[in-house]
Amino acid sequence: MTDDGLAQAIAERVRGCPHVVALSGGPFGAVATYLPGRRLPGVAVRDDEVEIAIVARGGQPVFITADEVRAAVAPMVGGRPVNVAIDDLEDS
């Protein structure tokens with residue numbers, strides 16, 4: 001799978017997590033993957049890591065939400081560390 005395809009698959013998996021409201025571009029829109037003709041905010045696949053930025057739903061500690069996101073995408077990233085930033089919280 002190409003990094004573009006991987007980024008899209010990761011985005012879908014993250015959006016399916018119960019305490020994720022949306023993907024976020026992070027500060028200054030820096031967390032993104034550039035695809036042909038568009039930009040995918042919230043997921044950056046790099047050679048040495050995967051960075052994910054989200055808006056989380058309130059109702060549970062944010063570190064648990066981050067752990068859920070990491071666990072959801074870990075099987076897809078070939079052992080790369082997954083860094084999750086929670087950029088905002090939305091009331092549950």
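1. D67 and R70 sit three residues apart in helix α2 (residues 62–73), so about one helical turn separates them. Helices here are DSSP runs of H or I with at least four residues, strands are runs of E with at least two, and both are numbered from the N terminus. The two side chains form a salt bridge, with the closest N and O atoms 2.8 Å apart; the term means a side-chain nitrogen of Lys or Arg within 4 Å of a carboxyl oxygen of Asp or Glu. D67 is partly exposed at 43% relative accessible area, and R70 is partly exposed at 28% (buried is under 20%, exposed over 50%, partly exposed in between, with a 1.4 Å probe and protein chains only).

2. A word on the basis: this is a predicted model, where local features need pLDDT of at least 70 and side-chain atom pairs count only at pLDDT 80 or more, while totals for chains, interfaces and linings use all residues. Residues are numbered from 1 along each chain as its sequence is written, and side-chain values use heavy atoms, leaving out hydrogens and water.

3. Helix α1 (residues 3–15) holds E12 and R15, again three residues apart. Their side chains meet in a salt bridge at 2.7 Å, N to O. E12 is exposed at 52%, whereas R15 is partly exposed at 41%.

4. Do look at R46, E49 and E51, which are linked in a network of salt bridges. Within it, E49 and R46 meet at 3.2 Å, N to O. E49 is partly exposed at 21%, as is R46 at 29%. The structure holds four salt bridges.

5. Lastly, V45 in strand β4 (residues 43–45) is buried at 15% relative accessible area.
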